[in-house]
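I opened this structure to look up its aromatic pairs and one of its helices. My entries follow in the order I made them.

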Amino acid sequence: MTTNPVADPATFPVLIEVAEERGRQDARFGRQDHADGTGPDEANQVRFCVTVAEAADFARWRTDLAARHDGPTFANLLTEEAFEALAEADPAALRAELVQVAAVAVCWIEAIDRRAARLAGFAPGDVVRNRGTGEVLTVTGDPDLWDPRYYEPADVGGAGEEGIA
C-alpha cells in the first residue's frame, strides 16, 4: 500500500521544526539571497579532506572566508551544514544538524523562487524604495502593482557576517 509521505503524521512535526529553524535564520541573518555556487565547473570544496570531520572544518573555514570577502554561496552554506551533520556520531546532535541542513535547503529553494519571480518584476516580500520619496516599503499584494519605474530594490541589510547557520 502506497502512502503519501506528507500525510504521514510523523512528518509534520519535523517540517514544523524545519520551519522554526528557517524563522531563526531569518531573525538572525535577514533574508538570504546568495549566489548558488553550483555547476559542473565549480571547485570541489572538500577535495583534500580525508575524514568528514576534516571536511566539516574545511567547509566551515571556507564559508567564513567567503563571508569576509564576497559573501558565501548557498553551496558553501549547504556543504558546511551537510558535513557538520556527517561528522556527528551523537544521534541528538546529528538530528539537530539535519534540521539545519533541511532549513538551508529550504532557504535556497525560497531564494531560487524569488529570483524567478523577480524576472517578471518584484515579488511579495521584496523590500523596495520609492524612487521619488525614498520611502522603504515591503511588496505586498499583487506584485504587478509595484511598477519598477517608481520603485527600486532597497538594500536594507540585516544579514549577518556568516550567512546562515
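Before starting, I noted the cut-offs: a residue counts as buried under 20% relative accessible area, as exposed over 50%, and as partly exposed in between. I also noted that the model is predicted.

**Aromatic pairs.** I looked up the aromatic pairs and found 2 in the structure.

Trp61 has 44% relative accessibility, so I put it down as partly exposed. Phe58, at 31%, is also partly exposed.

Next I turned to Phe74 and Trp108, which form a stacked pair with 5.5 Å from centre to centre and 15 degrees between the planes. Which parts does this pair tie together? I found Phe74 in helix α3 and Trp108 in helix α4 (residues 91–118), so the pair links parts 34 residues apart in sequence. Phe74 is buried, with a relative accessible area of 0%. Trp108 is buried as well, at 13%.

**Helix α3.** Since Phe74 lies in α3, I looked up that helix too. α3 covers residues 74–86, and its 13 residues reach 18 Å from the first C-alpha to the last, close to the 18 Å expected. I noted that α3 is mostly covered, with 10 of its 13 residues buried. Among them are Phe74, Leu77, Phe83 and also Glu80, Glu81 and Glu84.

How values were computed
Residues are numbered from 1 along each chain as its sequence is written. This is a predicted model: local features need pLDDT of at least 70, side-chain atom pairs count only at pLDDT 80 or more; totals for chains, interfaces and linings use all residues. Side-chain values use heavy atoms; hydrogens and water are left out. Helices (H or I, at least four residues) and strands (E, at least two) are DSSP runs, numbered from the N terminus. The expected span of a helix is 1.5 Å times one less than its number of residues. Buried means under 20% relative accessible area, exposed over 50%, partly exposed in between (1.4 Å probe, protein chains only). Rings of Phe, Tyr and Trp (its six-membered ring) pair if their centres lie within 6.5 Å; planes under 30 degrees apart count as stacked, over 60 as edge-to-face and the rest as tilted.
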